[in-house]
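Try each task yourself before you read its solution.

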Amino acid sequence: MSGNPIRAERTAAISGGIRSRLEHESSEKHVTGSAVYLDDMPEPAGVLHLYPCLSRHAYARIARLDLSRVVAAPGVRAVLTAADVPGTNDFSHGAVGDDRIFSDRLVEYAGQVIFVVAADTRAAARDAVALAEIDYEELPAILDVDAARAAGSRHLEPRQMKRGDSAAAISAAPLQLSGRVSNGGQEHFYLETQIALALPREDGDVHIHSSTQDPSAVQSIVARILGKPANCVTVEVRRLGGGFGGKETVATQFAAIAALVAHKTGRPAKIRLDRDDDMKVTGKRHEIHADYRVGFDDSGRVLGIEFDIHGACGNSLDQSVPVINRAAFHADNCYYFADFTATCHYWKTHIVSAVAFRGFGTPQGMLMVERVMDRIARFLGLDPLAVRMANLYGSDSRNTTPFGAFVGNNLLGRIVPDLVASSEYHARRREIAAFNTGSPILKKGLALMPIKYGVGFGVNFLNQGGALLHLYADGSLHINHGGVEMGQGLHTKVAQVVAEELQVDVDRIRVSATTTEKVPNTMATAASSGTDINAAAARHAAQKVRRRLTEFLCGEYSVPVEQVVFLPNHVRVGNQEMTFDELAERAYMARVSLSATGHYKSPKNDYDPVALTGRPHRYYVYGAAVAEVVIDALTGENAVTRVDILHDVGESLNPALDFGQLEGGFIQGMGWMTTEELVWDNAGHLRTHAPSTYKIPACADRPKDMRMAFVEGTGELADSVFHSKAIGEPPLCLALVVLAAMSDAVASALGPGDFVGLNAPATAENILMTLKRGRSATG
């Protein structure tokens with residue numbers, strides 16, 4: 001094709017490509033309140049409102065269930081129990097099948113759903129639930145790990161990770177210690193509670209709007225529950241009001257309940273939990289108690305170490321096996337142990353099942369070994385940083401994990417010294433020692449802690465993603481992918497990657513609601529893999545479209561491929577240029593396919609989930625943090641006064657979003673370490689089920705001095721999206737340094753000597769009780 005060169009203005013670079021500090025695609029909607037969440041959607045005519053009946057007992061048989069008054073209540077249109085499930089009464093995401101939608105004569109935790117009422121209004125449904133007549137036959141409930149161990153209440157047999165002979169190494173070591181590290185659970189406290197809206201369609205199909213992190217799982221499980229194939233169920237998600245893992249499996253139950261009502265009545269059905277019920281019904285972060293034995297020398301180097309990891313799994317397994325296994329996979333954190341054993345125990349209790357939470361067992365595993373490092377340092381009278389440095393992974397040697405994986409691209413040797421210098425760690429430590437000497441009541445603490453975070457799903461089939469890209473004749477683009485936007489900026493990053501690949505401004509790209517009708521068989525947006533998987537799939541789709549456009553131009557202009565160059569919003573063909581819009585129109589007129597699917601699968605993991613060996617992670621993210629705190633030794637009150645962070649994100653796709661994740665993740669982890677305490681009473685009832693009793697960090701709790709930086713020059717990471725790394729979960733683990741700093745302050749108040757340390761959360765009460773126990777132990 002010939003003609004005159006096309007003259008058009010073009011810029012030196014596209015707007016909103018990778019590395020741009022682009023704002024979140026919905027940021028203005030978020031701050032103005034105009035972002036549409038599921039509960040903001042106009043309710044369809046005839047919608048039924050649902051309210052569940054929750055068990056009052058932790059473990060009991062239902063001797064009598066009389067719902068006659070419930071059925072007859074004003075406004076009630078349907079009442080569903082386990083008998084109304086046409087398929088399987090199970091919403092579990094695994095093969096165990098132990099998560100019932102409705103209890104069937106046996107309740108195994110306080111808050112378990114027994115039946116649901118569908119009524120014209122939510123108030124009518126709630127009032128009707130109270131009319132149920134239920135007689136329970138109470139059974140002996142197992143409410144904690146120690147009781148489960150005594151009763152032998154296991155979900156499955158223990159699994160063990162082992163390298164060398166840890167028992168012999170500990171016995172031969174000149175110094176030995178033993179103890180227990182415990183962490184409490186954590187409530188997800190997403191702002192949008194569990195919610196679903198099910199719309200009946202033709203031929204018995206159902207369309208579900210669900211606040212879920214895993215639309216395809218909801219689709220397949222709801223289909224199983226309805227006794228239908230997956231193509232009869234569509235799941236759609238525009239955005240979540242927070243997830244943090246709490247909407248990975250739990251959301252499926254409420255989507256299923258709404259779908260069952262819509263299927264039975266032929267009317268739209270909506271269920272929305274209030275905050276109290278949401279906290280009672282839904283699972284939390286895993287509470288773990290780790291018993292340890294460690295042998296070491298007088299420099300603090302560990303010669304042998306053993307952990308017995310006791311996970312409180314709750315009434316069902318949910319994802320407890322991979323969570324507790326992942327804790328074992330991170331019980332080394334940044335440290336090389338030649339002789340290591342970690343035994344994982346999966347205990348069944350009559351508490352709501354523990355579920356996925358940001359970090360997925362990783363922070364619990366890191367916490368175990370970090371408390372051991374602090375204990376060794378205290379025992380030897382050393383700076384805890386010196387003990388950490390003595391055990392750090394190396395680059396040329398001491399660089400394989402206890403499960404046999406190579407610690408690649410190890411940045412710890414750069415990050416830790418750089419943070420020591422930039423935070424003025426040693427000078428501040430001397431200043432704090434002087435302050436504490438002259439301050440009998442207020443005590444300061446300082447700690448530095450590194451992290452090594454393994455990224456990716458351990459199971460191979462989960463490491464895949466899909467996308468669908470349309471280029472319209474006017475040059476605008478539409479992208480749909482399998483990831484879920486829950487505030488982290490995933491849609492923004494995906495759009496930036498497509499813009500970069502096609503060299504167009506990001507403003508011409510629309511990212512639409514995630515739906516199983518457009519991209520099938522997607523994976524949960526979890527494991528810090530949302531961008532790694534879905535942006536890679538979107539990039540693949542963009543590459544397909546770009547390749548077709550290139551082939552079209554080569555044919556039209558009779559030029560080789562290398563003479564087709566995509567410039568910012570333009571394309572050069574030989575010595576001629578045209579706008580991207582003109583190219584799109586010409587390609588359309590020439591009947592070029594301008595729609596493409598993209599698919600990505602990561603390199604295969606070599607991982608044995610039973611033997612706990614192999615390579616379960618695609619790559620490692622490194623980082624380190626310094627925290628300075630102050631405590632009141634009379635009241636236990638405390639504050640985090642300064643935080644310094646140096647973190648590895650590879651080459652950031654969007655520094656603005658990544659800094660937001662870094663700060664937010666750290667603060668969420670700080671809450672888990674300090675103020676967020678779950679309390680169950682002796683009957684198995686959660687007592688901290690509202691903001692009045694469960695304390696997440698407030699704005700005033702953020703450290704007044706918070707200094708954050710990303711590591712530069714990290715090198716090219718093979719098989720990642722433009723050499724970027726995951727950011728979602730690792731920052732939460734950095735917050736474990738706050739507990740180490742609190743322990744340092746408590747140790748200063750107690751004076752020299754062995755100090756087991758604080759357990760999490762370090763509430764004011766916990767700090768005060770720890771001081772009391774420490775003073776009693778030393779007389």
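## Exercise 1: the pocket lining

Helix α20 supplies five residues to the lining of the second largest pocket, the largest share. Before going on, note that this is a predicted model, where local features need pLDDT of at least 70, side-chain atom pairs count only at pLDDT 80 or more, and totals for chains, interfaces and linings use all residues. Numbering starts from 1 along each chain as its sequence is written, and side-chain values use heavy atoms, with hydrogens and water left out.

Task: describe the second largest pocket and its lining.

Step 1. A pocket here is an open set of points on a 1 Å grid over the protein atoms alone, where a 1.4 Å probe fits, with protein on both sides within 12 Å along at least five of seven lines; lining residues have an atom within 4 Å of a point. The second largest pocket holds about 850 Å³ of space, a volume being the space filled by probe spheres set on the points.

Step 2. Its lining has 39 residues, and Gly-184, Glu-287, His-289, Leu-678 and Trp-680 lie nearest the centre.

Step 3. Look for elements giving at least two lining residues each: these include α4 (145-151), β8 (175-183), β14 (302-314) and α20 (764-777). Helices (H or I, at least four residues) and strands (E, at least two) are DSSP runs, numbered from the N terminus.

Step 4. Sort the lining by type: 14 nonpolar, 14 polar and 11 charged. Ala, Val, Leu, Ile, Met, Phe, Trp, Tyr, Cys and Pro count as nonpolar, Asp, Glu, Lys and Arg as charged, and the others, Gly among them, as polar.

## Exercise 2: ring pairs

Task: find out how many aromatic pairs the whole structure has, then take a look at two of them.

Step 1. The search turns up nine; rings of Phe, Tyr and Trp (its six-membered ring) pair if their centres lie within 6.5 Å, and planes under 30 degrees apart count as stacked, over 60 as edge-to-face and the rest as tilted.

Step 2. Phe-296 and Phe-379 sit edge-to-face, 6.0 Å centre to centre with 90° between the planes. Phe-296 is in strand β13 (residues 287-296) and Phe-379 in helix α10 (residues 362-380), so this pair links distant parts of the chain, 83 residues apart.

Step 3. Check accessibility: buried means under 20% relative accessible area, exposed over 50%, partly exposed in between (1.4 Å probe, protein chains only). Phe-296 is buried at 0%, whereas Phe-379 is partly exposed at 35%.

Step 4. Tyr-336 and Tyr-393 also pair edge-to-face, at 6.3 Å centre to centre and 75° between the planes. Tyr-336 is in the loop between α9 (320-329) and β15 (340-348) and Tyr-393 in the loop between α11 (384-391) and α12 (412-422), so the pair ties together parts 57 residues apart in sequence. Tyr-336 is buried at 17%, and Tyr-393 is buried at 5%.
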